[in-house]
Amino acid sequence: MSINLSKIISHALSRGFDEAAVAYYKLDRVMIKFANSQPSVSQSWIEYIATLYLVKDKRIMVSVVESVSEEEVVKKINEAINQVGSLERSFIYAPLPEPDPNAKPLQNLVSSKVLDFLRDPSGVSEIIVNKASEERIERFAGAIDSFLGERCVATSKNFEACEKSTYFSFYIRAFLGEGSGHWGFGASSYETRDLEETVSLAAHYAKESSKNIKDIEPGVYDVILSPLVVGNFLGYISMALNGLNKITGMSFFAKNNPGDQVASDKLTLVDDPFRNDMFGSAGFDDEGISTRRNVLIEKGVLKTFIHNTKTASVLGTSSTGNAGWITPRPWNLVIVPGDMDESEMIRGVRRGLLINNNWYTRYQNAVEGIFSTVTRDALLIIENGEIKGSAKRMRIADSFPRLLKNIAGLGKRVYKAKWWEIRESIETPYIYIRDVNITKPF
């Protein structure tokens with residue numbers, strides 16, 4: 001600990017705040033960037049971040065201090081007491097909860113392999129470069145990001161706890177001729193096989209996308225979404241399952257309630273904070289409430305939104321252990337696998353596409369879930385159960401409610417996918433969706 005959290009809380013109360021909480025993060029971090037098939041940049045640094053939650057007369061202020069200095073945090077509190085009176089009273093205010101006796105740090109979240117990597121990353125870089133050479137691609141680019149993190153939370157309700165965990169992610173983009181393929185992995189640790197498989201999958205899609213490249217017409221296609229695409233979509237789905245977005249109406253589930261059928265019965269989505277193999281795990285949330293495993297959607301039926309005490313109070317329910325002081329947040333989003341082999345999915349498609357990756361996902365109407373996203377890297381054409389070539393960049397232009405209800409199958413195997421378009425910790429299979437609207441990008 002570099003700052004005294006109890007002292008920070010006491011100072012905030014002495015200055016006149018009714019309630020206060022502080023979340024403190026220390027990240028011992030290493031990043032390796034690859035360009036032209038070789039490590040190009042190696043960086044190591046330590047990040048210190050203190051986030052303050054301050055309440056006066058039901059007016060809420062949240063401030064971030066990117067500094068190890070306790071004096072800087074105190075200075076921010078002194079400034080805040082002069083500013084908080086200009087804020088409106090929060091329409092979702094609820095007092096910080098009393099300490100939860102079950103809210104305790106999780107154990108076994110620190111990986112010795114990640115600690116070894118942070119000390120000496122050269123061995124991991126060598127594995128990646130050697131595997132890429134074996135795959136006979138022309139070149140690759142990518143990045144590794146890893147850290148040992150400490151997260152501490154203290155509140156004016158006398159809750160205080162700290163938790164340590166590790167994080168490791170690696171993504172790679174492989175190139176061959178006019179084709180490219182992408183894959184990414186993110187977890188609390190890694191094995192050599194995770195690194196090599198990430199390289200192999202990116203290389204596989206680069207090779208497939210370099211064959212028989214042709215234009216396709218816009219229209220309605222059956223699609224197979226890779227875990228990279230599903231992972232990106234899960235960020236938007238989890239926001240729609242956020243209690244604050246339901247309250248404000250900025251969710252395509254805003255008109256739904258637990259018990260409603262909102263997806264195909266093939267889909268079960270869980271938020272599981274207790275997975276020590278995933279990087280989002282936590283034993284307590286930012287309000288000092290014990291986390292818990294929440295089934296969000298079960299066989300297509302909405303089971304719960306995620307809540308902190310504020311959103312739960314407005315909607316007449318209880319916290320799900322997902323605070324976020326203002327907005328709730330998920331921990332580890334897990335899609336329960338199905339019963340299909342990936343090759344079986346392809347054989348079942350008569351006219352369709354396999355989408356390796358996507359980016360630039362944007363809403364046209366968040367309330368109805370209408371969005372578009374641009375395909376990236378391999379876009380494989382499927383005809384009568386076989387891959388017949390690859391297409392140039394296209395766009396999915398549809399709605400999340402439609403896609404969720406049109407899920408026709410899920411893969412048997414799950415992947416921990418991660419790159420910069422996937423913010424959350426996720427585990428998902430490939431997903432087969434019928435009748436998806438595909439257009440050309442502008």
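Student: What makes the space of about 1000 Å³ the largest pocket, and what is a pocket here?

Tutor: The largest pocket has a volume of about 1000 Å³. On a 1 Å grid over the protein atoms alone, a pocket is an open set of points with protein on both sides within 12 Å along at least five of seven lines. The volume is the space filled by probe spheres set on the points, which are joined across faces, edges and corners. This is a predicted model: local features need pLDDT of at least 70, side-chain atom pairs count only at pLDDT 80 or more, and totals for chains, interfaces and linings use all residues. Residues are numbered from 1 along each chain as its sequence is written, and side-chain values use heavy atoms, with hydrogens and water left out.

Student: Which residues count as lining the largest pocket?

Tutor: Lining residues have an atom within 4 Å of a point. For the largest pocket there are 32, with Tyr25, Arg151, Phe279, Arg329 and Trp331 nearest its centre.

Student: How do you know which domains line the largest pocket?

Tutor: Domain bounds come from an automatic or database assignment. Domain 1 (5–203) and domain 2 (212–442) each give at least three residues to the lining of the largest pocket.

Student: What classes make up the lining of the largest pocket?

Tutor: Ala, Val, Leu, Ile, Met, Phe, Trp, Tyr, Cys and Pro count as nonpolar, Asp, Glu, Lys and Arg as charged, and the others, Gly among them, as polar. The lining of the largest pocket has 14 nonpolar, 9 polar and 9 charged residues.

Student: What makes a cavity, and how many does the search find?

Tutor: A cavity is a set of points where a 1.4 Å probe fits but cannot get out. The search of the whole structure finds 1 of 30 Å³ or more. The largest cavity has a volume of about 140 Å³. Of its 15 lining residues, Val230, Ile237, Leu404, Ile407 and Ile431 are closest to the centre. By class, the lining has 15 nonpolar, no polar and no charged residues.

Student: Which element gives the most to the lining of the largest cavity?

Tutor: α6 does, with 4 residues. Helices are DSSP runs (H or I, at least four residues), numbered from the N terminus.

Student: Why is α6 called largely enclosed?

Tutor: Buried means under 20% relative accessible area (1.4 Å probe, protein chains only). In α6, 13 of the 14 residues are buried, so the rest of the structure largely encloses it.

Terms used:
Helices (H or I, at least four residues) and strands (E, at least two) are DSSP runs, numbered from the N terminus. Buried means under 20% relative accessible area, exposed over 50%, partly exposed in between (1.4 Å probe, protein chains only).
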